[in-house]
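Here is a short report on one protein chain.

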Amino acid sequence: MAQEYKHFTATALIRNHSGEFLLHKHRKLNIWLPPGGHIEENEEPQDAVIREVLEETGLVCRVIDCAYPTTTKVVSNEHVCALPMPLAILKEFIPDKVNGDHWHIDMVYLCELVAPDETPYAEFDWIPFSELANLDIPDDLLQLASMVNESNLLK
């Protein structure tokens, strides 16, 4: 069996109050994607996604905990800390001619902007949900956007 190489990543799915999603045309892959990137050594995934959003868009966001709505929750103490639950954890194949093909274990977080009226860097656009299917985007991104629209996770 061939060795699979895996990188841990964090992605932010951000929808504004108009129902638009924050995306950019990825320069290497030539497809539309949300902000995100690799988790650094000793970095927690929810911190990585906040850092990646700031680096890529110039915007500050916060993570929305997508934990299943049960009455009983894991309570943090001095030895255990419950981290916010991502919207999804995906294993994505990444063809890479430079560094070799590998997989991303991608924690996709639902996020909201701290200052929703601020403008992202020029390479990012707010795309209405109704236009997502017309773009060159991965099927899983369209499915995740549908999940967000169907949920009551955003106020």
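Leu54 is partly exposed, with a relative accessibility of 42%. The model is predicted. Leu54 sits in helix α1, which spans residues 45-57. Together with Val60 and Val114, Leu54 makes a nonpolar surface patch of about 240 Å².

The model holds 7 salt bridges.

| Pair | N to O distance |
|---|---|
| Arg51 and Glu40 | 3.6 Å |
| Arg51 and Glu43 | 2.7 Å |
| Arg51 and Glu52 | 3.1 Å |

Take the pair of Arg51 and Glu40, whose side chains meet in a salt bridge at 3.6 Å. This pair links distant parts of the chain. Arg51 lies in helix α1, while Glu40 lies in the loop between β4 (36-38) and α1. The two residues are 11 apart in the chain.

Which residues of this group are buried, and which are partly exposed? Arg51 is buried, because its relative accessible area of 17% is under 20%. Glu43 is buried as well, at 18% relative accessibility. Arg51 and Glu52 are both buried. Glu40, at 44% relative accessibility, counts as partly exposed.

The group reaches one residue beyond the table. A network of salt bridges links Glu40, Glu43, Arg51, Glu52 and Glu55. Side chains of opposite charge can pair when their charged atoms come close.

## Pairing of strand β2

Strand β2 covers residues 20-25, and strand β8 covers residues 124-128. The two strands pair in the antiparallel sense over 5 bridges. Within this pairing, Phe21 has Ile127 of β8 as its bridge partner.

β2 also pairs with strand β3, residues 32-33. This pairing is antiparallel too, over 2 bridges. Here His24 stands opposite Leu33 in β3.

What do β2 and β3 form, and how many residues lie between them? They form a hairpin, with 6 residues between the strands. The turn includes Asn30, which has a positive phi of about 60 degrees.

In a regular strand the side chains alternate between the two faces of the sheet.

## Cysteines

How many disulfides does the model contain? The count is 0. A disulfide is a covalent bond between the sulfur atoms of two cysteines.

The cut-off for a disulfide is 2.5 Å between the sulfur atoms.

Cys81 is in no disulfide either. Its nearest cysteine sulfur is that of Cys66, 17 Å away.

Are Cys61 and Cys81 buried or exposed? Cys61 is buried, because its relative accessibility is 4%. Cys81 is exposed, because its relative accessibility is 57%.

Definitions and conventions:
Residues are numbered from 1 along each chain as its sequence is written. This is a predicted model: local features need pLDDT of at least 70, side-chain atom pairs count only at pLDDT 80 or more; totals for chains, interfaces and linings use all residues. Side-chain values use heavy atoms; hydrogens and water are left out. Buried means under 20% relative accessible area, exposed over 50%, partly exposed in between (1.4 Å probe, protein chains only). Patches are made of residues with over 30% relative accessible area and no salt bridge: like charges are joined within 9 Å, nonpolar side chains (Val, Leu, Ile, Met, Phe, Trp, Tyr) within 5 Å. Accessible areas come from the Shrake-Rupley method with a 1.4 Å probe; for residues, only the protein chains shown count as cover. A salt bridge is a side-chain nitrogen of Lys or Arg within 4 Å of a carboxyl oxygen of Asp or Glu. Helices (H or I, at least four residues) and strands (E, at least two) are DSSP runs, numbered from the N terminus. Two strands pair if DSSP finds at least two bridges between them.
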